[in-house]
Amino acid sequence: MLPREIKAADFRHYPPQARQLAIDHLALLQALPAVFVPILLREIQTYDWKFPAERRDLERQLAYLGSLSAGERQQVMAGFARVRLSSQLEDLNWVEAPADYSAQLSAYLWASHQMDGFRDTAEDFTKRLAATAPREPLPTPRLGIVVLGQGVTENTYPLFRKLRPHGVYFTHIRPQDGLRTLLDAVDERSKAHPVSYGHWHIDGGPKESLSGEGVTCVSYESLAAVRSALLKRMDNAIRSGIGGPEAMRTMLSRMRPEELGLSDSTQEAVLNRFQVSVLTDGSGTQFFSTTFVQWTAREALRRAQPLTLMARFTPRQRQRPMNELIGDPQRKSVPDPEGSLIDADMGAYLTWLNQQRLPGAEKSSFLVWFEDHHEALAIGPAQPRGTASNSTLDLRELLSQVS
C-alpha cells in the first residue's frame with residue numbers, strides 16, 4: 001500500500017480517538033513519504049493510551065507538518081523520501097499494524113545499510129520541529145528523587161561516584177523519618193501544582209500511602225499477580241514452541257491489560273497500558289525489582305515528562321537461571337540487598353541522565369539518598385558541582401536547599 005491509497009475506512013480498527021485523529025489528518029498522511037507514514041501511524045494508533053505530554057508532542061508534530069506548503073513539506077521530508085524500501089515492506093498492511101511494520105523496517109534498514117542515513121534524517125527533522133514549535137514554560141522546575149539501599153546495614157561500596165561531579169555529596173544526613181519526609185514532599189508538590197500524570201512515585205516494594213490523589217503510583221509488589229500471569233504466558237509460549245525471540249517479542253508487544261488481569265476501562269487504560277508496556281518491553285522487569293524501578297522511571301520520564309518523580313529501589317532477588325525464573329516464578333526468592341545497592345546506584349545515575357534530557361533541565365533538581373543512612377547527594381542550580389559537605393541536615397532541610 002502507498003500513502004496516497006489510504007482511506008478513512010482503513011482506520012476502522014483503531015481506538016476511537018486515534019481513529020478520529022487519523023481521519024482528521026488523512027490528506028496529510030496521503031502526502032507524506034512511504035517510510036514516514038507507518039512510523040507516524042504507530043504513534044497515532046496508541047493516542048487513546050498516551051500521557052498528556054505524549055499527546056501534545058504528537059499534535060505538535062501533526063500541526064507542524066500540516067502548516068507547511070507542498071514545496072516546504074517536500075523539502076523537509078526529502079531525506080525520508082530517499083529511503084529505498086523492499087517490495088515486501090511495501091506490500092505489508094502497515095496501516096492496520098504499524099508497530100509490526102516498524103520492527104521489520106528497522107531490520108531492513110540495518111540489512112540494507114540505510115540506518116545511519118535514516119537516523120541523521122530523523123534527527124534533522126526533530127531539530128526542525130523543536131525550532132518551530134517552542135514549548136510552554138513549566139509551572140515549577142522538575143524534581144527527581146531516588147531512594148536506594150533498603151536492607152543494607154554495612155556498606156563498603158563507594159556510592160554516587162558518577163553523580164558526585166555534578167553536585168554536592170552529603171555525609172551527615174539525619175535519616176529519621178526520611179522516607180516519610182520525601183513522600184510528603186512529593187504529595188505537597190502534587191497539590192501545589194496539580195498536573196495530570198505530573199507527579200510519580202515508583203516503588204520496588206508495596207505502594208506507600210499518600211494523602212492526595214495527584215500522585216501516580218506504580219509498585220513492583222502490587223503487580224505481582226500481573227507478573228505471574230505474564231510469566232505463565234511466556235512459559236506456555238516457550239513450551240509450545242511458537243518460535244524464537246522474534247515470535248516472543250511479537251506476542252509480548254500485543255499483550256493487552258485485560259489478558260493479565262488489569263482493567264482496560266477508559267479511566268484506567270492509560271496507566272494500565274503503561275504498566276503492561278513496562279513488563280513486556282523491559283528486559284528483566286518481570287523478575288527483578290531494581291530493573292523494574294529503573295525501567296519504569298526511564299519510561300515515565302520519557303513519556304509522561306513529570307514535574308516530580310520519586311523512585312525507590314528495594315532488594316531484588318538473587319540471580320537464577322532463566323528457565324527457573326520463567327518456569328517456577330512461585331519459588332521463594334533470596335534477596336540480595338548488597339548487590340541491589342550497586343544496581344540502584346547505577347539506576348540513580350541513569351534516572352538523572354533521563355531527567356536531564358527533558359525540557360527545563362537547566363533548572364531541574366535531583367536528590368538521591370541511601371535509605372536509613374547518612375549519605376545523600378544533591379544536584380541543582382544552587383548546588384556547587386563536585387563538592388562535599390559534612391553539614392548535619394535532615395532530609396526536609398536538604399530538600400529546601402535543592403527544590
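**View 1. Strand 6 is mostly covered in this predicted model**. Strand 6 spans residues 308-312, and five of its five residues are buried. Thr 308, Met 310 and Arg 312 point one way from the strand. Leu 309 and Ala 311 point the other way. In a regular strand the side chains alternate between the two faces of the sheet. Both sets in strand 6 are buried, Arg 312 included.

**View 2. Strand 6 pairs with strand 1 and with strand 4**. Strand 1 covers residues 143-148 and pairs with strand 6 in the parallel sense. Five bridges join strand 1 and strand 6. Here Leu 143 stands opposite Thr 308. Strand 4, residues 199-203, also pairs with strand 6 in the parallel sense. That pairing too runs over five bridges.

**View 3. The largest nonpolar core holds 52 residues**. Leu 148, Phe 160, Leu 163, Trp 200 and Val 368 have the most contacts inside this core. Focus on Leu 163. Leaving aside residues up to four places away in sequence, Leu 163 touches Ala 348, Tyr 349, Trp 352, Phe 366, Val 368, Leu 377 and Ile 379. Another core, of 38 residues, lies apart from the largest one. Leu 32, Leu 58, Leu 65 and Phe 125 are among its members. In soluble globular proteins, nonpolar side chains tend to be buried together.

**View 4. Helix 3 is mostly covered**. This helix runs over residues 37-45, and seven of its nine residues are buried. The buried residues are Val 37, Pro 38, Ile 39, Leu 40, Leu 41, Ile 44 and Gln 45. Their cover includes helix 1 (16-24) and helix 2 (26-30). Helix 4, helix 8 (98-111) and helix 9 (115-132) are also included in that cover.

**View 5. The second largest pocket contains about 600 Å³ of space**. Its lining has 26 residues. Arg 56, Glu 136, Pro 137, Leu 138 and Pro 139 are the closest to the pocket centre. Helix 4, residues 52-67, gives the most to the lining, with five residues. By class, the lining has 13 nonpolar, five polar and eight charged residues.

**View 6. The largest cavity contains about 40 Å³ of space**. Two cavities of 30 Å³ or more are counted in the model. Rolling a probe the size of a water molecule over the atoms shows where empty space is left. The lining of the largest cavity is made up of Gly 149, Gln 150, Val 152, Thr 290, Phe 313, Thr 314, Pro 315, Pro 337, Ser 340 and Leu 341. Helix 16 (residues 337-356) gives the most to this lining, with three residues. Five lining residues are nonpolar, five are polar and none is charged.

**View 7. The second largest cavity has a volume of about 30 Å³**. Met 1, Leu 2, Ala 34, Leu 85, Glu 90, Trp 94 and Tyr 101 line this cavity. Six of these residues are nonpolar, none is polar and one is charged.

Key
Residues numbered from 1 in each chain as written. Predicted model: local features only at pLDDT ≥ 70, side-chain atom pairs only at ≥ 80, totals over all residues. Heavy atoms only, no water. Core = buried A, V, L, I, M, F, W, Y, C linked by side-chain atoms within 4.5 Å. Buried < 20%, exposed > 50% of the residue type's maximum accessible area, 1.4 Å probe, protein only. Contact = heavy atoms within 4.5 Å. Helix = DSSP H or I, 4+ residues; strand = E, 2+ residues; numbered from the N terminus. Pairing = 2+ DSSP bridges. 1 Å grid on protein atoms, 1.4 Å probe; cavity = no way out; pocket = protein on both sides within 12 Å on 5 of 7 lines; lining within 4 Å. Points joined across faces, edges and corners; volume = space filled by probe spheres on them. Nonpolar A, V, L, I, M, F, W, Y, C, P; charged D, E, K, R; others polar.
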